Amino acid sequence: MNDILAAKSNWRTLGFSAAALLACLVLWGGIFARIADRGLVQDKDLLYLYVCGFEVVDPSLREQQVQLIDTLKSRFASEHVLYRATMRSRYCGNYLFSSLSMVAGGWAVEALGHLDPKQNFELFLPLALRWGAGLSGALLGAVCFICIFAASRGALTWAVLGAVCIAAICFVLLPYARLSWIFLKSPPWMRTFHETFGLSLYSWINPSAAFSPFSVYPRCLSAMLAFTAFVLRWSGCPRVAYWLPLLVCFVHQSEAPILLGAMIVCDLFLGPRILLRKGVAAPIVVTLVVIALRERMFDILGFSWTIAALGIACLAGLTFLALRSGWLRGALDAVSNLYFRYCRWLQSLERPLAEAIILFGLWLLIYFICYSFRNDTFYRVIYFWSELPPRVVGLFQLPVIAGLTYPLWVALMRRGGIAREILPVATILVMTMLAVAQWRAPWHSTTDLENRSRDLELDLAKGYSSSESSFIRIESPWYYLMVKRAYVGSISIADYFSDRKAKTLNEEAAR
């Protein structure tokens, strides 16, 4: 009899887990698809990923971005426009998974016989971007959720479900935080400490499509891998979890050191001995080597590895002096006692809750460090110090929500009775309603998508204009042009910037 009851309980738990997995897949997929549909063709970042994918497949096409930079120099483009073009050309290899997925999407459209790019490139491109976003995002998200629900058990399953539900409600229904260039001290971005901190704190509720784990960009896909890594840690699989930052290296290179560093910090507080195990140390070393070989952000932003090495050496020297000096040793002992006391408190908590607190504290530390460097050089302020806090938020939003709500689910599971089943069922129903709203809303028709491409064709006909105030209006046409040249040929980059472009376009149309 007991065996029968246990079997029924197992089947009920399995059914709930399957329903939770399905709800997460449908809801996350709906929001993801909605964002992708909104940005097809006219999103400069998706077009840029397409260009990067072509450069991986055919390295000779890199000459297009080199020619772009040379042409911008000859046309005396603004320093900022030239800087962005140079930065993007050097950082192109850091989004390997997403960029190759865009090219694969184009191949899929051709292979399935949907459309030939030479016959109707204006429609082919949005279809290729749609397939590329699906390959790079929907597939990765589905694999992440399957791994998450396969590893999680009991209250952790419901904490994961609740985290996805809460984050989705906040993303869909609440306004997002405008975090662009948040620390820049020039109009109209001049903000006080209270304003920047308030916006950054609010970003935990809705980090916007640029950073949200529901979005289509590589940093957002990295957030799904980060969520998977922490659920695996909480499920007793730290060795597997430590390999995921290596995968992130090929999704978004700059997110990998953030994820790896956060995982190491959590273990330094909750059990540093685990870092000495071969199964954990090996992926850490391999990931660090890959990061050192592939990361280009320091070079692009003008940071010097030599200065960083000198800083580490100085820190080691100060530590040595502290150990030799009685007074400094006493101060160090006080700090270490505080650290061990904090560690004991964290270790007394549930692991998910403890790591959520550590992640939030790590974000606070990073925020204050970045804020203290708001007087740094212009480009480092907007592309490094202003970017780092929201990236941390987007990367760890789901683990933090799941960790903070985990004790509530544990308490609910312990109560027993019908109450432990009502809340999960209600959560699944809410997620289902949100998902239905996302999937049933109107989608852009093929005519709409084709018209978007034609708008960019009109921008090409007008040629480059240095008076545009938006980088979307400035950069989208030339990345569109690069993709078009790779498929069907078109005017050159130099022609786009020259006064002869109208004549060239007319001749091209006549042919």
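Visitor: OK, so is proline 238 buried or exposed?

Guide: Proline 238 is at 19% relative accessibility, so it counts as buried. This is a predicted model, by the way.

Visitor: Where does proline 238 lie?

Guide: In helix H10, which covers residues 238–241.

Visitor: Let's zoom out. How many helices and strands does the chain have?

Guide: The secondary structure comes to 24 helices and zero strands.

Visitor: What share of the residues count as buried?

Guide: 51% of the 511 residues in the chain. As for contacts, take those between residues at least 6 apart in sequence: 77% of them join residues at least 24 apart.

Visitor: Back to single residues. Which phi does serine 208 have?

Guide: A positive one, about 80 degrees, although serine 208 is not a glycine. Serine 208 sits in the loop between helix H8 (193–202) and helix H9 (218–234).

Visitor: Is serine 208 buried or exposed?

Guide: Serine 208 counts as buried because its relative accessibility is 8%.

Visitor: What about serine 222, where is that found?

Guide: Serine 222 is in helix H9. With 0% relative accessibility, serine 222 counts as buried too.

Visitor: What is serine 222 in contact with, leaving aside neighbours within four places in sequence?

Guide: Val248, Val251, His252, Glu255 and Leu395.

Visitor: Now the packing of H9 against helix H19: what's the angle?

Guide: About 35 degrees, with the axes of H9 and H19 (residues 388–415) 9 Å apart. H9 passes H19 in a right-handed crossing.

Visitor: Which residues meet there?

Guide: From H9 you have Arg219, Ser222, Ala223, Met224, Ala226, Phe227, Phe230 and Trp234, and from H19 they meet Arg391, Gly394, Leu395, Phe396, Leu398, Pro399, Ala402 and Gly403. By class, the contact of H9 with H19 has 11 nonpolar, three polar and two charged residues.

Visitor: Why would a helix put residues three or four places apart on one side?

Guide: An α-helix has 3.6 residues a turn, so residues three or four places apart point the same way.

Visitor: Next one. How do H12 and H17 cross?

Guide: The axes of H12 (residues 255–270) and H17 (residues 351–372) come within 10 Å and cross at roughly 120 degrees. That angle makes H12 oblique to H17. The crossing is right-handed.

Visitor: And which residues make that contact?

Guide: On the H12 side, Ala262, Val265, Cys266, Asp267, Phe269 and Leu270; on the H17 side, Arg351, Ala354, Glu355, Ile358, Leu359 and Leu362. The contact of H12 with H17 splits into nine nonpolar, no polar and three charged residues.

Visitor: What span should H12 have?

Guide: At 1.5 Å a residue, the 16 residues of H12 should span 22 Å, and the end C-alpha atoms are 23 Å apart, which agrees. The buried residues in H12 include Glu255, Ala262, Cys266, Asp267, Phe269 and Leu270.

Visitor: Changing topic: is H2 mostly covered or uncovered?

Guide: Mostly covered, as 11 of the 14 residues in H2 are buried. Among them are Lys44, Tyr48, Cys52, Gly53 and Glu55. H2 (residues 44–57) reaches 20 Å from its first C-alpha to its last, close to the 20 Å expected at 1.5 Å a residue.

Visitor: Last pair: how do H4 and H22 pack?

Guide: H4 (residues 79–90) and H22 (residues 471–487) pack at an angle of about 45 degrees, and their axes are 12 Å apart. That makes H4 oblique to H22. H4 passes H22 in a right-handed crossing.

Visitor: Which residues meet in that one?

Guide: His80, Val81, Arg84 and Arg88 in H4 meet Phe471, Ile474, Glu475, Trp478 and Tyr479 in H22. The residues of the contact of H4 with H22 come out as five nonpolar, one polar and three charged.

Methods:
Residues numbered from 1 in each chain as written. Predicted model: local features only at pLDDT ≥ 70, side-chain atom pairs only at ≥ 80, totals over all residues. Heavy atoms only, no water. Axes fitted to C-alpha atoms, helices over the stretch in contact; angles between N-to-C directions. Helix = DSSP H or I, 4+ residues; strand = E, 2+ residues; numbered from the N terminus. Parallel < 35°, antiparallel > 145°, perpendicular 65-115°, else oblique. Left-handed = near helix turned anticlockwise from the far one by under 90°. Contact = heavy atoms within 4.5 Å. Nonpolar A, V, L, I, M, F, W, Y, C, P; charged D, E, K, R; others polar. Expected span 1.5 Å × (residues − 1). Buried < 20%, exposed > 50% of the residue type's maximum accessible area, 1.4 Å probe, protein only.
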